[in-house]
Amino acid sequence: MIHTPDLLAALLLGIVGSTHCIGMCGGISGALAFALGPRTSTRQRQMLLVLMSLGRVCSYAAAGVVAGALLPSGPAGPLPALRVAAGVLLVLMGLAIAGWPTVIGMLERSGARIWKRVSGGWLGVERIATTRGALVAGLAWGWLPCGLVYSSLAWAASHGNAASAALLMAAFGLGTLPAVVISGAMASRLRAALQRKGWRLLAALLVIGFGVWTMAAAPGGGPVHSHHGH
């Protein structure tokens, strides 16, 4: 069972993590928006970007279903250990947002190289100028290797069932949506302004704080545990 504080936490994690999303996904969003060409009206361009982002959110929710279904939901399940692991990943993600090299950054770079080879056909510009094409491109885009998504997925899955993990990942994805869509429609100079060091440091500290809170709550059934129902 998911309570409002959990959904708000997921939404806020997506909003706070948008600084990282702009760096990874904002470039893709901007490139796709630019590649649509001058014949595409501003309104249509924005609509297609929103549709792609909604497809991305759907993929996050699907990943939550898979991850949540693979974990036991009973009290004997390894949920406290998974919460600790999720907290560690979130701390590492916060350090990566702040600019510190971490294993998450290395995984993202390795995964991105593989992604470019696999996703070329799905994210082709000729395919995204229609409603269906934009949604399909977004669904593919949602599987882009991303440390923030992996960290959030581990935290969502620690709630112990597929439905809860899916809802939390959907809320997380919706939190990232405004920044990614807006950055895709902006010039690169304006996107760079959203990634200033001060903003990145604040986002990093908030993500690290969320990770520490997740770890602290796990062993004794603290705030995170109190919202979990079997």
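**View 1. Gly99 and helix H4.** Just after H4, Gly99 takes a positive phi of about 105°. Helix H4 itself covers residues 79-98, which makes 20 residues. From first C-alpha to last, H4 reaches 28 Å, close to the 28 Å expected at 1.5 Å a residue; the expected span is 1.5 Å times one less than the number of residues. Helices here (H or I, at least four residues) and strands (E, at least two) are DSSP runs, numbered from the N terminus. The buried residues of H4 include Leu79, Arg83, Leu90 and Ile97. Buried means under 20% relative accessible area, exposed over 50%, and partly exposed in between, using a 1.4 Å probe and protein chains only.

A word on the model before we move on: it is predicted, so to speak of a local feature takes a pLDDT of at least 70 and to count a side-chain atom pair takes 80 or more, while totals for chains, interfaces and linings use all residues. Residues are numbered from 1 along each chain as its sequence is written, and side-chain values use heavy atoms, with hydrogens and water left out.

**View 2. The whole protein chain.** Welcome to a chain with 11 helices and zero strands. Along the sequence, the pattern reads α-α-α-α-α-α-α-α-α-α-α. Of the 230 residues in the chain, 49% are buried.

**View 3. Helix H1.** Residues 4-16 make up helix H1, 13 residues in total. Its first and last C-alpha atoms are 18 Å apart, close to the expected 18 Å. Among the buried residues of H1 are Asp6, Leu13 and Val16.

View 4. The structure holds three aromatic pairs. Rings of Phe, Tyr and Trp (its six-membered ring) pair if their centres lie within 6.5 Å; planes under 30 degrees apart count as stacked, over 60 as edge-to-face and the rest as tilted. Tyr60 is buried at 3% relative accessibility, and Phe172 is buried at 1%.

View 5. Phe210 is buried at 14% relative accessibility, whereas Trp213 is partly exposed at 32%. Together with Trp155, they form one aromatic cluster.

**View 6. Met215 and Arg83.** Met215 is also found in helix H10, and Met215 is partly exposed, at 24% relative accessibility. The C-alpha atoms of Met215 and Arg83 are separated by 6.2 Å, although the two residues are 132 apart along the chain.

**View 7. Arg56 over Trp141.** The charged end of Arg56 sits over the ring of Trp141, 5.4 Å from its centre. A charge sits over a ring if NZ of Lys or CZ of Arg is within 6 Å of the ring centre and within 35 degrees of the ring normal.

**View 8. Leu174 in helix H8.** Leu174 lies in helix H8, which spans residues 162-185. Leu174 is partly exposed, with a relative accessible area of 44%.
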